[in-house]
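Subject: Structure to look through, with notes

Dear colleague,

I am passing on the structure we spoke about, and below it you will find my notes on what was found. Please keep it open beside the text while you read.

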Amino acid sequence: MTTQRTFLEIAVIVVIVTPALLLATLGVPALLRRPLGEAPVSRLTRAAMVIAFVAAAFALVVYVSGGSTPQVYSYGTWFSFGTGGFTFDFLVDGLSLGFTALATGVCGVVAAFSGSRSVTLSKRIIVLAAQFR
């Protein structure tokens with residue numbers, strides 16, 4: 001049981017960290033006014049979404065095979081004041097894992113079709129469609 005919980009926690013961390021790393025990788029150069037080109041952005045986005053989708057699907061399989069009980073993962077307090085505060089707690093259940101797999105899968109499909117090759121293909125389709133007007 002603890003091995004499944006460890007695998008589930010590692011998969012959840014990968015699902016959370018991968019898009020955050022993608023955001024940092026794309027955002028920092030843009031903030032420095034040196035944004036990445038279209039081809040590297042497309043490749044990075046596709047890779048990140050494939051990794052996140054595989055991790056989400058793996059987490060869903062581990063969750064379902066492990067007894068399907070909701071679990072809470074706590075990663076500490078971000079800040080606190082008085083009696084309140086903000087903590088990093090993630091509730092992992094079948095619904096959240098299913099929607100996470102769906103969202104990362106959709107993002108992966110969009111990333112796959114938004115690369116430079118598909119932009120060229122879509123331009124060709126637009127030109128062909130314009131010819132038949």
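Which residue with a positive phi follows H1? The residue is arginine 33, whose phi lies near 60°. Before going further, please bear in mind that this is a predicted model, and that the values below are computed from it.

If you take the contacts between residues at least 6 apart in sequence, 61% of them join residues at least 24 apart. The accessible surface of the chain is about 9,300 Å², and carbon and sulfur atoms account for 71% of that area.

Helix H1 covers residues 2-31; with its 30 residues, H1 reaches 42 Å from its first C-alpha to its last, which is close to the 44 Å expected at 1.5 Å a residue. The buried residues of H1 are Leu8, Ala11, Val12, Val15, Thr18, Leu22 and Pro29, and what covers them includes helix H2 (38-65), S1, S2 and helix H3 (94-112).

Apart from its neighbours within four places in sequence, proline 29 is in contact with Ala24, Arg34, Pro35 and Leu36.

Helix H2 has 28 residues and reaches 40 Å from its first C-alpha to its last, close to the 40 Å expected at 1.5 Å a residue. Its buried residues are Ser42, Thr45, Ala48, Met49, Ala52, Ala55, Ala56, Ala59, Val62 and Tyr63, and H1, S2 and H3 are among what covers them. After H2 comes glycine 67, which has a positive phi near 110°.

Turning to the aromatic residues, the structure holds 8 aromatic pairs. One of them is formed by phenylalanine 7 and phenylalanine 58, edge-to-face, with 6.3 Å centre to centre and 70° between the planes. This pair links distant parts of the chain, since phenylalanine 7 is in helix H1 and phenylalanine 58 in helix H2, 51 residues apart. Phenylalanine 7 is partly exposed, with a relative accessible area of 43%, and phenylalanine 58 is also partly exposed, at 40%. Elsewhere, Trp78, Phe79, Phe81, Phe86 and Phe88 form one aromatic cluster.

Finally, which residues form the nonpolar patch on the surface? They are Ile13, Ile16, Val17, Leu21, Tyr75, Trp78, Phe79, Phe81, Phe86 and Phe88, and together they have about 940 Å² of accessible area. The elements that give two or more residues to this patch are helix H1, strand S1 (71-81) and strand S2 (84-92). Isoleucine 13, for example, is found in helix H1 and is partly exposed, with a relative accessible area of 35%.

Terms used:
Residues are numbered from 1 along each chain as its sequence is written. This is a predicted model: local features need pLDDT of at least 70, side-chain atom pairs count only at pLDDT 80 or more; totals for chains, interfaces and linings use all residues. Side-chain values use heavy atoms; hydrogens and water are left out. Patches are made of residues with over 30% relative accessible area and no salt bridge: like charges are joined within 9 Å, nonpolar side chains (Val, Leu, Ile, Met, Phe, Trp, Tyr) within 5 Å. Accessible areas come from the Shrake-Rupley method with a 1.4 Å probe; for residues, only the protein chains shown count as cover. A salt bridge is a side-chain nitrogen of Lys or Arg within 4 Å of a carboxyl oxygen of Asp or Glu. Helices (H or I, at least four residues) and strands (E, at least two) are DSSP runs, numbered from the N terminus. Buried means under 20% relative accessible area, exposed over 50%, partly exposed in between (1.4 Å probe, protein chains only). The expected span of a helix is 1.5 Å times one less than its number of residues. Contact means heavy atoms within 4.5 Å. Rings of Phe, Tyr and Trp (its six-membered ring) pair if their centres lie within 6.5 Å; planes under 30 degrees apart count as stacked, over 60 as edge-to-face and the rest as tilted.
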